[in-house]
Amino acid sequence: MAARKQDESKVVEPSLWERMERPASAPRASLSLERIAAVAVEIADEEGAAAVTMRRLATKLGVAPMAAYRHVAGKDDLWALMVDRVSRQLAAPDDAASWREVLRSFALQTRELMLAHPWMGSIPLISLTPSRMAVAERQLAALAACDLDADSMMAAFRTVNSYVHGSTQAEIVLREYQERHGWVGGDETRQALAPQMNYLMSTGRYPTYERYGAEAACKDDHTWAFEFGLDCVLDGISERLGI
C-alpha cells in the first residue's frame, strides 16, 4: 500500500516536446530550446558530433553548464533537439501523388540532409521528434492509401528508411576516410590503395571484382549508385506487395 501511494505521488515531468509547444506565459528567456538546438547543430556541423558536449554547448551559448541542464536533461535531449531542427527541412513535393513518389522524394532529401550534416548518421533511428514523426507520418499515409495491412505498411517504410541511412552513412564514412588521408576523389584513393589491390587481383581469386574495376563507368558517381539502389528497393516493394 505504501509503495502504491508513493507511485501515485510521483510527479510526471512534461516531455521535451510538450515543454516546447507550451504557450509562453512570460517573455521568452534568452536561453531557449530553439537557441540550444541551433547552437548544437552549428557545433556539430563545424567540429563533428564528438564536440557536442554540455560544457562545450554552454561555452558557445555564453552560460554556465547548469543553465543548459535546466533546459535539457542530457545528451539524449540534445541529440533529439538537433535532429528535430534539421529534419524540418524535409517535405514531400505538393505534386507527389503515389506512394513511390512520396517515399522516393523523402529518400533523396534525407540523403542530401545527411551529407550536409554527417553527424546525423550517429543518431539512433528510433529518436522520436515532432519533425521526424511528421516525415514518417507522410510516408506511412502514402503507403496506407494502398490498402496495406499495418505490418506490411511499416515494414515497407522501414526498409526504405534503412536503405537510405545505411547507404548514405557508408558514403559519409568513405568521404571522411578520404579526407583523413588527404585523398581527393576516387582516382587518388585508388592510386593510394593500388599496392594492396594489385596484389589481391594478382592472386586470380577475384575475377568478378577485377572485371568491375576494369569495366565500371560509375565508380565515383555516388548519386547514381544511391538512386539505382533506391529504385531497386522500391521495385522490390512494388512487386512483393502488388502496389
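1. Of the 243 residues in the protein chain, 34% are buried. Keep in mind as you read that this is a predicted model.

2. A word on how the chain comes back on itself. Taking contacts with a separation of 6 or more, 68% of them are between residues 24 or more positions apart. Leu81 belongs to helix α6 and has a relative accessible area of 2%, which means it counts as buried.

3. Next, have a look at α7 (residues 99–116) against α8 (residues 130–144). Their axes come within 8 Å and cross at roughly 155°. An angle over 145 degrees counts as roughly antiparallel, and therefore that is the label for α7 and α8. The crossing of this pair is left-handed. On the α7 side, the contact is made by Trp99, Val102, Leu103 and Phe106, while α8 brings in Val135, Arg138, Gln139, Ala142 and Leu143. Sorted by class, that contact has seven nonpolar residues, one polar and one charged.

4. The buried residues of α8 are Ser131, Arg132, Val135, Ala136, Gln139, Leu140, Ala142 and Leu143. In general, an α-helix has 3.6 residues a turn, so residues three or four places apart point the same way. As for what the buried residues of α8 pack against, the partners are α6 (75–87), α7 and α9 (150–181).

5. α7 also meets α9, and here the geometry is as follows: the axes come within 10 Å and cross at roughly 25°. That is under 35 degrees, so α7 is roughly parallel to α9. The crossing of α7 with α9 is right-handed. From α7, the contact takes in Leu103, Ala107, Thr110, Arg111, Met114 and Leu115; from α9, Val160, Val164, His165, Thr168, Gln169, Glu171, Ile172 and Arg175. By class, the residues of this contact come out as seven nonpolar, four polar and three charged. Note that Leu103 is listed in the α7 contact with α8 and again in the one with α9.

6. Asp147 is not a glycine, yet has a positive phi of about 65°. Its relative accessible area is 72%, so Asp147 counts as exposed.

7. Last one: is Thr189 buried or exposed? Thr189 lies in helix α10 (residues 185–192). Its relative accessibility is 9%, and buried means under 20%, so Thr189 is buried. Setting aside neighbours within four places in sequence, Thr189 is in contact with Gln178 and Trp183.

Definitions and conventions. Residues are numbered from 1 along each chain as its sequence is written. This is a predicted model: local features need pLDDT of at least 70, side-chain atom pairs count only at pLDDT 80 or more; totals for chains, interfaces and linings use all residues. Side-chain values use heavy atoms; hydrogens and water are left out. Axes are lines fitted to C-alpha atoms, for helices over the stretch in contact, and angles run from 0 to 180 degrees between N-to-C directions. Helices (H or I, at least four residues) and strands (E, at least two) are DSSP runs, numbered from the N terminus. Angles under 35 degrees count as roughly parallel, over 145 as roughly antiparallel, 65 to 115 as roughly perpendicular and the rest as oblique. A crossing is left-handed if the near helix is turned anticlockwise from the far one by less than a right angle, and right-handed if clockwise. Contact means heavy atoms within 4.5 Å. Ala, Val, Leu, Ile, Met, Phe, Trp, Tyr, Cys and Pro count as nonpolar, Asp, Glu, Lys and Arg as charged, and the others, Gly among them, as polar. Buried means under 20% relative accessible area, exposed over 50%, partly exposed in between (1.4 Å probe, protein chains only).
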